[in-house]
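Dear colleague,

I am passing on the structure we spoke about, with the sequence beside it.

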Amino acid sequence: MTSSHPRPDVTVVVIVYNDAARIETAVQSVLDQSLRSREVIVVDDHSTDDTPRVMERLAAQHPDDVKFIRLPANSGHCGAPRNAGVAQARGRYIMFLDSDDTLDRHACRNLVSMAEESDADMVIGRCVRIDVATGKETSWMPWLVKDKVVYESLRDEPELLYDVLSTNKLYRHDFLKRENLVFLEDRYYEDNVFSAHAYLTAKKIAIIPQRVYNWMVERGAATLSITNRARDVRNLTDRIAVTQKIDALIARYGTPELRLQKDIRFIENDLRTHLTGFAELPEATQQQMLDIARPYVNGIGPEAFKQAKPLPAIAAYMVREGDAEGVATAHDYLTGKENRGRLTTTLVVRDGRIFWCDRHLDDPLGREVLDVTELGFQDLPLSKLNLGSTLTAVRRDGGAVTLSGVVTDPLGRLQKPKASLVTWARGNRRRQFTVKAAIEPAGTTLTWTATVTPAQAPRPIGFVDPIYSFVLRVKAAGETVDVNLFAAPELIDELSLPVKPVLSRLVADRLEAYRTDKGNIALRLAAEGKGAKAGGDAISKLRSQPLGARLWGKAGTVRRDLRERLDKRNTKLAWYDNVFSRMPISRKTVVFESHMGKQYSDSPRAIYEELKRSGAPFRAVWAYAGEHPNGFPPDVKLVRRQSYAYLRELGRARYWVDNQGFPHDLRKRAGTTYIQTWHGSAFKRMGFDEAQIKAQTSGQQDKLQSAIDRFDVFLARTEHDARTLTKGMRVHAELMRVGYPRNDVLIRQDNPDEVAALRKQLKLTDDRKVLLYAPTFRPDQIKTGLELPFDLDEFVERFGDKYVLLVRPHYLVSFALPPAYAHSVRNVANVHDVTPLMQIADAVITDYSSLMFDYALLDRPLIFHVPDYDDYVGSSRGSYFDLAEVAPGPLTRTGDELFAALTDLDALKERYAERHRAFVARFGEYDNGNAAKAVVDRFFTSGTQGARRG
Amino acid sequence: MAEPRDIFIVTNAVDELGGLQQWAHDVSGLFSARGHRVRLIGVEPASVPRDYGSDKPYEIVTLHDHHLPRLKKGLSRPLRRRSRARQQAEGARRLTEMFRQAQPGGVVIAAQVWAGEWVAKADTTGLITIGMSHESFEASKNSSRYNRARIYYEDLDIHLALTDADADSWARAGMTNVGAMPNPLMTTPATLPTLDEKTVVTLRRLSHDKGIDMLLEAWALVGPHYPDWRLKVFGSGPDEEALRRQAGELGLDDTQIFQGQTENIDAALSAASIYALPSREEGFPIAVMEAMAYGLPTVAFDCAPGIRELIHDEVSGGLVVTPGNVPGMAAALERLIKDKDLRVRLGEAGQQSVKKFSPDSIVDRWEALFALLAR
């Protein structure tokens, strides 16, 4: 094809500056396009390296397809070269490519075919960021390119404004001409204005989910690209100037709604990027940046602050108020690519709500933006709060190193803290070393000090464990949490621990601190002394030889592969099947698990405790989920769910006891007996009666069936179970009709100490009656958290003096309770076991939870608050019986109905006495307080061994 | 009229009994009618052969004389893999010979991924290469076909799914050479139903994936309330006995429901007023297209994007129900039983919308695709 030939479909404009090493790859990715009707125009921004030579050769090799333009002087930005390229373009469509990136092989064809099919002015495809060092790929804003779709205008999808790249898109050439779309030539972020202009004026915008663009990301490289150097003042200045240009375009072509969307994007994205790491900037720079940003941020309407995500909104609001400390604390807590996130602000409670700090609360907007009650600092487990500690001093005294630091105490939750400094080899928690730390409260923070003496210093192996994690482990309020450490650079440089590696000091002689990519401190092996330096030098010399380098690289790969393979499910299963399950059976071992390791609770707990009482010889293993086993008994073997230790225990155990299901892919060996207690009788359809499982293929159903067929006995509390639950689940195990062990205490009431302790813990000190609200599980609430289907304000107003309400979300759902209600409402999400909560409660409000069957045993009032009854029971899930017909209490559909029912609990009890008796007779027939004992007698204390099936 | 091309359609077996082979013969005929030179190639002989007629305007070839052994998991797998690689090389050599005779602009279509292995090993230089997934992305994902498609379709010019939604799923999974091509509707109704017959009908193979068990459960919730209405299931299959037993347990009369295999689709569809599609897995169900062509409203589980591509819920073609939601299917059937106007409205709208899958429009789309891939 020569230039006299017909117009190519696509012109790809490639811009380059001093990138001789990569430009050929970029150009080749265009030449390799499956759509052959394309041309490349490379515009060189006056490079000073080999780029022109490389390009002249390429242009000579492909005279019809590659055109090379060299700008007479360097422009310093991407705008001028792109404009120069477009000016020479012949294609019906235009694309842009940067010299360090590549196009997917089918990019042009997919984009052109969509453009022709949809008649759109621009078509957007997926951009994938590729970390050059690791090869890791992440999709750029994947939610924008999920499906093939055509938008009539930007108004149909304002979120497109988030994607400001000009590169992953195809533009109709006529469209660029018609709208006079050109790049700014004297600013960074020229993409932003160009993209906004294009979005606002395009007649149609089409999307395809196919990858079109490979964005090669080199971290920590000397040649930082513009977007990586986003922090300096000049960049912020340009950003603001560009954003003002975009505002002008929106004013001309757009709508107020689009302006709002853009403002939100500016707060959540642009401003956030520029303020990242704000706390580490010198004070003068901080002030300078505030001065630049403030006038613009002042012009943003209050609505954008209210609608943006909470933390970026707080940061932007602080800019508006010129509050440097506020900006710093908000950015400290923002978790991102470059930040682990740590709490440094002092939260305050005002009028029953929680605020980010005590400043700006007299400004109505400040009050709204800084209100962080919904973020749950007051209720979430400490491990979810991103606590962080700042090192304040490092002192060396001979071989000993003393560290001190501070931890911000959120709302005084770190009660009676204990702390230790912990370090462990990355990827091998068994090489873990602990030093006790002294910790004390100091106002709204805690200060701690720890001394690492040579005797207590970590003992690395050398070579194989180059990196160590380093945290402050804090135990407080019954929870253990690892707190990341942070420090100023000078302090990090000072921190190193002398060590004696197992492989001698020739390998290394200290663990020195460094700042990870996310900003927290970790330790790495290093050499300081003569011997170690010599050893280190010898090794680096070896590594600089070709053979040595190859071996070293190979060793690294082998180690990484091994690690990855060990983490893979298939490897774990192979160990489980071929090794652990073939070890001799440990006849005394019983593995307990409740709700997939989330709790120490329910019938497994009741059986475990009965077993302890019985004096039968056994070895208990409890499985826990999460980082630390918070709330589990201290005197049993604890294994983390899905760890190798867990698989080993399961593979060898004589008994498995759980209430939901050990991992489905673990086969049960012949010598193991599986006692499945289950966790509730059924109202909703279960197992193969559920729509989702009904719709499965036979392969999927067979897998579920074989997981269920591992059960040897299945506990039943009523014949209703046999008709519904076990039939729906196709349980072929023996039904043990003994009732639920967890319900023994409901009948026997023989745990007064536990109940009293729990009352104390929940501060139930007066004689108000206690209500327990315990709704059923709704999967969508995993993300949103529990939203109460009645008005808490009204509840507190009407009943606050009479009742205390305990709110119990499902264990997978969170709930944030404003402190304003603390007098009459408690969040009991973090209490492991619901049974003692039922014992405390004078009445229960539920909807469809199986808790109804258990609580009924107590013969106390039950209220069914079911605003969504028709939807929930009618069409979506289906039920085994008609709740309205048999419920031992009223069904309420509105808040008013609920509150009416609550006014007189005694009357309620009387009114439903008859139905209550019938309900218990039907659904609790085997619950007689002896379930745990029956299980223990059958399997553990009687002379004969219990049922065992293959 | 587009330039005539050499078109090779490669399937597992050309005369196998099945929807895919029916499709292959249908499009071979349609392409031939437009003047293209079509060769329909099977990799191996059929295990359950069916007569697709003779005197075809296209050539039919089978690469191997014998049924090839499948690779099963186990210790002897590497050995068997080697012996199959030898056989495959022989088949690929025959394919290469045929491909070499093609004029420039020729097209190779691997209609199934197993057959695609042979295409991948043959020399396709100068030809347009296409691979097809005649099932939903989800169904591929649940089988080994997902990984094999990633391998053997990766270097083809394009990998065609049945719907845009399925192609999007493949694109999200990382394949970029993906597009969509629906099946053509080959049926022209001889007799149109009046929508007054009190019959719900389905024509299905009696196997787990077709979900007749769920239809029976749903019918047990509705049927007894409308004693003059009948459910008729045409077809046979491995689960027949179990399904008859299940019907009995549900209190239904299995002799009234199960009609056995029929060749006369026209009679079955024209004597019904509602079509039921209780499948667990589908691609782009021809059964629904046929029902639409007859103006029958369909009640279907939303088991694949192909369902929604055909049925616009509540608007045209019928009603769509969450997969496995038996009470939901019962409720939808009941709505249609009670409301003739709804049957007519959905049926007529469906009859209109299914026209875009007429043989002519589908072949136009194919020819446009060939032109795009040659650009």
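This is a predicted model: local features need pLDDT of at least 70, side-chain atom pairs count only at pLDDT 80 or more; totals for chains, interfaces and linings use all residues.

Chain A is divided into domain 1 (10-224), domain 2 (230-374), domain 3 (384-528), domain 4 (529-567), domain 5 (574-739) and domain 6 (750-923). Between the centres of domain 2 of chain A and domain 4 of chain A, taken over C-alpha atoms, there are 45 Å.

The rest of my notes concern strand β2 (residues 38-44) of chain A, which is mostly covered, with seven of its seven residues buried. From β2(A), A:Arg38, A:Val40, A:Val42 and A:Asp44 point one way, whereas A:Glu39, A:Ile41 and A:Val43 point the other way, and all of them are buried. In a regular strand, side chains alternate between the two faces of the sheet.

As for its partners, strand β1 (residues 10-16) of chain A runs parallel to β2(A) and is joined to it by seven bridges, with A:Val16 having A:Asp44 as its bridge partner in β2(A). Together with helix α1 (residues 23-31) of chain A, β1(A) and β2(A) make a right-handed β-α-β unit.

β2(A) also pairs in the parallel sense with strand β3 (residues 66-70) of chain A, over five bridges, and here the partner of A:Val42 in β3(A) is A:Phe68. A right-handed β-α-β unit is made by β2(A), helix α2 (residues 51-61) of chain A and β3(A).

With best wishes

Notes. Residues are numbered from 1 along each chain as its sequence is written. Chains are lettered from A and ligands numbered from 1 in the order in which they are written. Domain bounds come from an automatic or database domain assignment. A residue is buried if 20 or more other C-beta atoms lie within 10 Å of its own, exposed if 12 or fewer, and partly exposed in between; C-beta atoms are placed from the backbone. Helices (H or I, at least four residues) and strands (E, at least two) are DSSP runs, numbered from the N terminus. Two strands pair if DSSP finds at least two bridges between them. A crossover is right-handed if, with the strands pointing away from the viewer, the path from the first strand over the helix to the second runs clockwise.
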